[in-house]
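Here is my note on the model, point by point. Keep the viewer open while you read.

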Amino acid sequence: MKMGIERVLKEKFGDTVKDIRQVYDDDHTSETTVEAVNGHLDILRPAIKNYGGNVQVLSVEGGDCLVKYVGPDSIGSGVKAAIKERFPDNTNVAVNGHLDILRPAIKNYGGNVQVLSVEGGDCLVKYVGPDSIGSGVKAAIKERYLSMVVSSPTPFRTKKARAVGIPIIDLSLERSVLSEKIVQACQDYGFFKVVNHGVPMEIIARMEKEGSDFFAKPASEKQQQAGGLPSPFGYGCKNIGFNGDVGELEYLLLHTNHLSISDISKAISSINPTKFSCAVNDYIQAVRSLTCEMLDLVAEGLFVPDKSVFSRLIGDVHSDSCFRLNHYPPMENSREWDPSPKLNANTRMGFGEHSDPQILTILRSNDVEGLQICLHDGLWVPITPDPTEFCVFVGDVLQAMTNGKFVSARHRVIVANSVKPRMSMIYFGAPPLNAWISPLPKMVSPPKPSLYKPFTWSEFKKAAYSLPLEDCRLNRFKDSLQLSLRTQKL
Ligand SMILES: C=C1C[C@]23C[C@@]1(O)CC[C@H]2[C@@]12CC[C@H](O)[C@@](C)(C(=O)O1)[C@H]2[C@@H]3C(=O)O
Ligand SMILES: O=C(O)CCC(=O)C(=O)O
Ligand SMILES: [Fe+2]
C-alpha cells in the first residue's frame, strides 16, 4: 500500500519527495495478536470479498503468522505485504501456510490442499490427491510446526495433522498393484476416483449432450415426455423416492435394460428416438464393463476364490442396475463466502445424505462441484469435480457381501453459488432381483462372524425404498443370531 502511494507521489512530485513514512491512528507498537493482525487485514477485506474470497489469521506466534486465504493470487501477495509492513516483528508470514511448497505437486495430480483450522494444537487439513503426497503434507506440517514448540514460550503445537487423501487410482497400473489399491480404498473410504479408465470420451460427451438437451427443455415438456413412466423411473423434479425426501434437483432415472431404454427414448423423442437410446446404451455398456473390471479386481484383492463373484451379478441379463441423470440448477445472486460445511444462505441441499443400496456406483459429473463424502469419523469432504474421472462408491450390497470389511460410502450433494448447473451421470450396478446376497464365506471366520443374514436383492430393495433417504438400510438385515450369541458371551 505504502509503496503504491510512494510511486504515485514520486511520479507527480519527483525528487522533492524524500521519504515517506506510514503512520497509524492506533498505537503502532501494540501487541501482535491474532485479533490485531485480523483487524489490520480489514483494509483488504472488501477487495477480497468482491472476488468471493476470504482471509483469516489462524495463529501468530514467535514471529510466525499463519493466514488462511482464498481469493486471487494478486491479493494474496498483498495480504503478506500488508502484514509485514504493519507488524514487522512477523518475520515469517505464511499465507495458506507452509504447504505452498507442496502445492505444485498436488495440483499436478488434480488434487488440492487447504488448512481448515488450527486449534488447541490440532491442525485440520483438507487434502485431495495421491496418498504419497498426503503423507508428505502431514510430514511437512509436523516438521515445520513441531520445531516451534521448542523455541516458542507459548507453544503453538501441531499435534494432529490430518491429511485426507481421497484415493485417485490409475487404472493403467499393473493388476496386482491395482487390486491392492482398490481394496485399500474401499476399506478406508468406501470411495475412490479412477483415471485412465478407458471409457471413450466420445461416449461420455454424447451422453452428456443428450442429458443437457433434455434438461434444457421446458418443465411441462419434460414432465409430459418422461414424467409418467412406471415408478420410480422417469423424470422427477425435487422429489427423491416415495418418503417425502426432497432435493434441489431434477432427474431422469432409467432402468438399464434395453426395452425400458427404448421406451423412454420414444417418449423423449418421437422423431429420432435412436439418438437418445444409442447414447444411453453405449454409455451404460461402457461403464458396466468398467464396473465389472473393478469388481474382478476387488475379488482378486480380497483373495476370494471365485473372481467373478461380484461382477457376475452385474453382468447378468436380469441385473436390476439403473442409470440416473441428475441436474442441479445453479444458485443465483450469491457471492458471500462461508467456509463452514453447514447449509447457509449460499448453499442448498441438492441431494441429501445417503448411501447407495446397490453393489457399486460409478459417477461422472461436469466440472461443477457439490459432491461430498463422509469419512468413517464423520468428517464431510468435498470431492473436486473432474469430468475426465469417475467416482466410485461402495454400495450397501458390497458392504454385506464383504461382511462389513467395506462400508458403503455416505455422500450428499450441496449446491453452492455457481453460474453453471451441475450435471451428474450415475450408473448403479445392482444384482438381479432374485439374487441371494450374504457375506462371502471367505469374509467370515470365528473372530469375524457373519454380520448379515441372507436376503434377496428384491427384499432389500423393497426395504430400501420404504425408508427415508438417510436411513442405514442394512441395519434391518443384521444377523440377530450372531448378535444374541455375542451378547450371551459378554
Ligand atoms: C428415498 C429414496 C430414494 C431412493 C430410494 C429411497 O427410498 C432410498 C434410496 C434412494 C436411492 C439412492 C441411490 C439412487 O439414486 C436410487 C435410485 C436408489 O436406488 O436408491 C435412489 C432412490 C430413488 O431416488 O428413487
Ligand atoms: O448427483 C450427484 O452428484 C450424486 C447423486 C447421488 O448420490 C445419487 O443419485 O444417488
Ligand atoms: Fe448416491
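**Notes on the predicted model**

1. D356 and H411 bring distant parts of the chain together, being 55 residues apart: D356 is in the loop between β12 (348-354) and β13 (360-365), while H411 is in strand β17 (residues 411-415).

2. Now the overall picture. The protein chain has 15 helices and 20 strands. Its length is 490 residues, of which 48% count as buried. Among contacts in the protein chain with a separation of 6 or more, 69% are between residues 24 or more positions apart.

3. Have a look at helix α7 next. This helix runs over residues 175-188, 14 residues in total, and spans 20 Å from first C-alpha to last, close to the 20 Å expected at 1.5 Å a residue. L178, S179, I182, V183, A185 and C186 are its buried residues. Why do they line one face of α7? Viewed down the axis of α7, these buried residues fall within an arc of 160°, so they sit along one face of the helix.

4. What do the buried residues of α7 pack against? Their partners are β7 (168-170), β8 (191-195), α11 (273-301) and β16 (390-394). Just past the end of α7, G190 has a positive phi of about 65°.

5. On to the second largest pocket, which holds about 640 Å³ of space. It is lined by 41 residues, and those closest to its centre are I240, G241, R324, F351 and Y465.

6. One residue of β11 to click on is H327. H327 is buried, because its relative accessible area is 12% and the cut-off for buried is under 20%. Apart from neighbours within four places in sequence, H327 contacts F215, L249, E250, P421, R422 and M423.

7. Most residues other than glycine have a negative phi. N196, however, has a positive phi, near 55°, and lies in the loop between β8 and α8 (201-215). For N403 the phi is positive too, near 55°; N403 is in the loop between α13 (396-401) and β17. Is N403 buried or exposed? With 8% relative accessibility, N403 counts as buried.

8. The loop between α13 and β17 also holds V407. V407 counts as partly exposed, at 31% relative accessibility. In sequence, V407 and D188 are 219 residues apart, yet their C-alpha atoms are 8.5 Å apart in space. Leaving out residues up to four places away in sequence, V407 touches C186, G190, H376, V394 and Q399. Of these, C186 was listed above as a buried residue of α7, and G190 as the residue with positive phi just after that helix.

9. Last, K405, which is in the loop between α13 and β17 as well. K405 is partly exposed, with a relative accessible area of 34%. Its C-alpha is 9.8 Å from that of K448, a residue 43 positions away in sequence. Residues up to four places away in sequence aside, K405 touches Q187, L302 and M443.

Conventions:
Residues numbered from 1 in each chain as written. Chains lettered and ligands numbered in written order. Predicted model: local features only at pLDDT ≥ 70, side-chain atom pairs only at ≥ 80, totals over all residues. Heavy atoms only, no water. Helix = DSSP H or I, 4+ residues; strand = E, 2+ residues; numbered from the N terminus. Expected span 1.5 Å × (residues − 1). Buried < 20%, exposed > 50% of the residue type's maximum accessible area, 1.4 Å probe, protein only. Arc of directions from axis to C-beta. Contact = heavy atoms within 4.5 Å. 1 Å grid on protein atoms, 1.4 Å probe; cavity = no way out; pocket = protein on both sides within 12 Å on 5 of 7 lines; lining within 4 Å. Points joined across faces, edges and corners; volume = space filled by probe spheres on them.
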